[in-house]
Amino acid sequence: MPGFVYVVDDDPSFRTAIQRRLKLAGYEVVTYASAQQLLEDPPGSEHPGCILLDVQIPGLSGPELQACLAQRPSPLPIVFLTGHADTATTVRAIKAGAEDFLTKPVSSEQLIGAIERALVRQEVVRGQQGKLDSFRARLTSLTRRERQVFDLIVRGKINKQIAYELGTTERTVKAHRHQVMTKMQVPSLAELVSVAERLGLLSSQPA
């Protein structure tokens, strides 16, 4: 899978060597001598990519950079590659969402494998985010009354109950219900409820 690898390491000879190694494997490579450099010129998220990050670097450490990037929208996956590994740091990094934690020297097979997994995971996340954005756009296309019907449907209310709560007729509710299903582009009630769940709309609503 082609993509960008953003290397953060304070060792210039290592940056040169890893850049050559990754380019031979087909990746576009951007290098940074410090975490601060990456924060000042952050990588874009429009292309598949991941960050190859050292732990002990001057200024902001690798784990500290990881924490900073986690606060930003659509953070890139991170693979740690360090000569200073310890169990506690490894566990913290993985718990914080790192894709992998490798120790120098690393074989090309291990390195490329970790990068590939990171790029695949990013594509999955991007796909899921794209679906959520699409669902949100469809939700905003509902009229005020259709949104009221939507909210009651996904809470398990039948047409008769909805008509009573909204002070209208069952026939009118059926018409709105049809419009809701059409605009949300779902074929069944189960999928409509699934959409509401994925958008976080059910946890905040009373049963």
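This is a predicted model: local features need pLDDT of at least 70, side-chain atom pairs count only at pLDDT 80 or more; totals for chains, interfaces and linings use all residues.
View 1. Strand 4 and strand 5 are paired in the parallel sense, and 4 bridges connect them. Between these two strands the chain passes through helix 4, and this β-α-β crossover is right-handed. A further bridge in this pair of strands has Val79 facing Asp100 of strand 5. Helix 4 covers residues 87–95 and packs on the sheet, where it touches strand 4 and strand 5. The direction of helix 4 makes about 150° with that of strand 5.

**View 2. The sheet is open and has 5 strands in the order 2-1-3-4-5.** The pairing in this sheet is parallel. Strands of a sheet pair through backbone hydrogen bonds, either parallel or antiparallel. Strand 2 (28–32) and strand 5 stand at the edges with a single partner strand each, so one side of each has no neighbour in the sheet. On average, and with direction ignored, neighbouring strands of this sheet are turned by 20° against each other. Helix 1, made of residues 12–24, lies across strand 1 (4–8), strand 2, strand 3 and strand 4. Helix 1 runs at about 170° to strand 2.

**View 3. Strand 3 and strand 4 run parallel and are joined by 3 bridges.** Strand 3 covers residues 49–53. Leu53 stands opposite Phe80, a residue of strand 4. Together with helix 3 (residues 62–70), strand 3 and strand 4 make a β-α-β unit that is right-handed.

**View 4. Strand 4 is largely enclosed by the rest of the structure, because 5 of its 5 residues are buried.** In a regular strand the side chains alternate between the two faces of the sheet. In strand 4, Ile78, Phe80 and Thr82 point one way. Val79 and Leu81 point the other way, and the residues of both groups are all buried. For Phe80 the relative accessibility is 0%, so Phe80 counts as buried.

**View 5. The count of aromatic pairs comes to 2.** The rings of Phe4 and Tyr6 have centres 6.0 Å apart and planes at 10°, so this pair is stacked. A pair of aromatic rings is described by the distance of the centres and the angle of the planes. Phe4 counts as partly exposed, at 23% relative accessibility, whereas Tyr6 counts as buried, at 6%. The rings of Phe80 and Phe101 also form a stacked pair, because their centres are 5.4 Å apart and their planes stand at 25°. Phe80 lies in strand 4 (residues 78–82) and Phe101 in strand 5 (residues 100–103), so the pair ties together parts that are 21 residues apart in sequence. Phe101 has a relative accessible area of 11% and is buried.

**View 6. Lys104 has its charged end over the ring of Phe14.** The distance from this charged end to the centre of the ring is 3.9 Å. Lys104 is also joined to Pro105 by a peptide bond that is cis, with omega near -10°. Pro105 is placed in the loop between strand 5 and helix 5.

**View 7. Helix 6 (residues 144–153) has buried residues, among them Val149, Phe150, Leu152 and Ile153.** Glu146 and Asp151 are also buried residues of helix 6. The buried residues of this helix pack against helix 5 (108–140), helix 7 (159–166), helix 8 (170–184) and helix 9 (189–198). Arg144 also has its place in helix 6, but Arg144 is exposed, with a relative accessible area of 68%. From C-alpha to C-alpha, Arg144 and Asn159 are 17 Å apart in space, and they are 15 residues apart in sequence.

**View 8. Gln185 is found in the loop between helix 8 and helix 9.** Phi of Gln185 is near 60°, which is a positive value in a residue other than glycine. Gln185 counts as exposed, at 55% relative accessibility.

Notes
Residues are numbered from 1 along each chain as its sequence is written. Side-chain values use heavy atoms; hydrogens and water are left out. Rings of Phe, Tyr and Trp (its six-membered ring) pair if their centres lie within 6.5 Å; planes under 30 degrees apart count as stacked, over 60 as edge-to-face and the rest as tilted. Buried means under 20% relative accessible area, exposed over 50%, partly exposed in between (1.4 Å probe, protein chains only). A charge sits over a ring if NZ of Lys or CZ of Arg is within 6 Å of the ring centre and within 35 degrees of the ring normal. Two strands pair if DSSP finds at least two bridges between them. Axes are lines fitted to C-alpha atoms, for helices over the stretch in contact, and angles run from 0 to 180 degrees between N-to-C directions. Contact means heavy atoms within 4.5 Å. A crossover is right-handed if, with the strands pointing away from the viewer, the path from the first strand over the helix to the second runs clockwise.
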